[in-house]
Amino acid sequence: MDFLFLILGLVLILVGANGLTDGAASVAKRFKISNLVIGLTIVAFGTSAPEFTVSLISSINGNPEIAIGNVVGSNIFNTLMIIGATALVMPISVGKGTLTRELPLCILASVVLSVCAFDTLFASQTTNVLSRGDGIVMLCFFAIFLGYTFAIAKNGNDDEPSPKEMSVFKSTLYIVLGLVALVAGVRLFVDGASGIARMMGVSESVIGLTLVAGGTSLPELATSVVAAYKKNSGIAIGNVVGSNLFNIFGVLGVSATVAPLNLGGITMIDMAVLVASSVLFWLVALAFKKRTITRLEGIALIICYIVYTVYLISQGS
């Protein structure tokens, strides 16, 4: 049964990603909105639904480490593994505006989270807590991000291949059903993979660090890879950037406002990797080939994620 869940989950994820990408690209074309903006908003917020659900419920239920760890782990996975895997499928073209505005905003979000979270280092406190005040600050940043996104919403489609235009109803249906299939597929995949891992004697901590953390980011992975394959770089990049910003400013902003979040086992090393991964994302888009993340750079990003994961497992975190 676990193998059936695993296969069915993968099928739903791929079908959902395909439908979501087609529907989102059609909306962008119909309303003359940049694919990047669609990726930053509709696609990114939709694929971040698992992270939002897990973190909010964890905050309400008094499990702050899960709420914060889910976001930090997902963002690192998004930046290193998803961008790396997407570049392997098809080198990703990065727009000039993304390089000078959206990617620096991702770095800023990681830095803001680190400063707000580590009170023992930056505020001379005895414990590290994301307070309600910190949550409100993050929500203010989120509002600024939304205002910026709406301001650039009419910048066209970035010279990307023109998708088949659908009716508004059909586009909306593709987006909604795509998101439903993605979320259902993730649940089945994680349940199936976790069951198989337990049968093989893999520990719960390793399952949580790998299968569950990666599982909540599977919608972003599938959507970005499919978008890159269809040469919609705007959606592929916007999905990751928007998801990372939504996770920090939106998900943790809401979660910390609902209930203060104690960092617990989340360390400075984890936060340093979060910031470093955002900086590395910006650097590979800037370096070597002009505004293009190549397959070789994609491999380098994936290797970085594997090294970090091996470190976590070795520490027994």
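**A look inside**

Modeller: Happy to. Of the protein's 317 residues, 53% count as buried, where buried means under 20% relative accessible area, exposed means over 50%, and partly exposed is in between (1.4 Å probe, protein chains only). Please keep in mind that this is a predicted model: local features need pLDDT of at least 70 and side-chain atom pairs count only at pLDDT 80 or more, while totals for chains, interfaces and linings use all residues. Residues are numbered from 1 along each chain as its sequence is written, and side-chain values use heavy atoms, with hydrogens and water left out.

Of the contacts with a separation of 6 or more, 84% link residues 24 or more positions apart; contact here means heavy atoms within 4.5 Å.

Now to the core itself. In soluble globular proteins, nonpolar side chains tend to be buried together. Here the largest nonpolar core has 81 residues, and Leu113, Leu130, Met271 and Ile293 have the most contacts inside it. Such a core is a set of buried Ala, Val, Leu, Ile, Met, Phe, Trp, Tyr and Cys residues joined through side-chain atoms within 4.5 Å. Leaving out residues up to four places away in sequence, Met271 touches Val72, Leu113, Ser114, Ala117, Phe118, Leu263 and Ile266.

Val94 lies in the loop between β1 (92-93) and α5, and it is buried, with a relative accessible area of 2%. Its C-alpha atom is 9.8 Å from that of Trp282, although the two are 188 residues apart along the chain.

The 20 residues of α7 (residues 132-151) should span 28 Å at 1.5 Å a residue, and the end C-alpha atoms, 29 Å apart, agree with that; the expected span is 1.5 Å times one less than the number of residues. Buried in α7 are Asp134, Gly135, Met138, Phe142, Phe145 and Thr149. They cover an arc of only 95° around the axis, so they sit on the same side of α7; the arc is that of the directions from the helix axis to the C-beta atoms. On the other side of α7, Ile144, Phe150 and Ala151 are exposed. The buried residues of α7 pack against α2 (35-47), α5 (96-117), β2 (129-130) and α11 (233-258).

Helix α13 (residues 295-315) has 21 residues and reaches 31 Å from first C-alpha to last, close to the expected 30 Å. Its buried residues are Glu297, Gly298, Leu301, Ile302, Tyr305, Tyr308, Thr309 and Leu312. Seen down the axis, these fall within an arc of 145°, so they line one face of α13. Leu296, Val307, Val310 and Ser314 are exposed on the other side of α13.

There is a polar detail inside as well. Ser26, in helix α1 (residues 2-30), is buried at 0% relative accessible area. Its side chain makes a polar contact with the side chain of Ser171 at 3.0 Å; that term means N or O atoms within 3.5 Å, one able to donate a hydrogen and the other to accept it, and residues adjacent in sequence count only if both atoms are side-chain atoms.

Key:
Helices (H or I, at least four residues) and strands (E, at least two) are DSSP runs, numbered from the N terminus.
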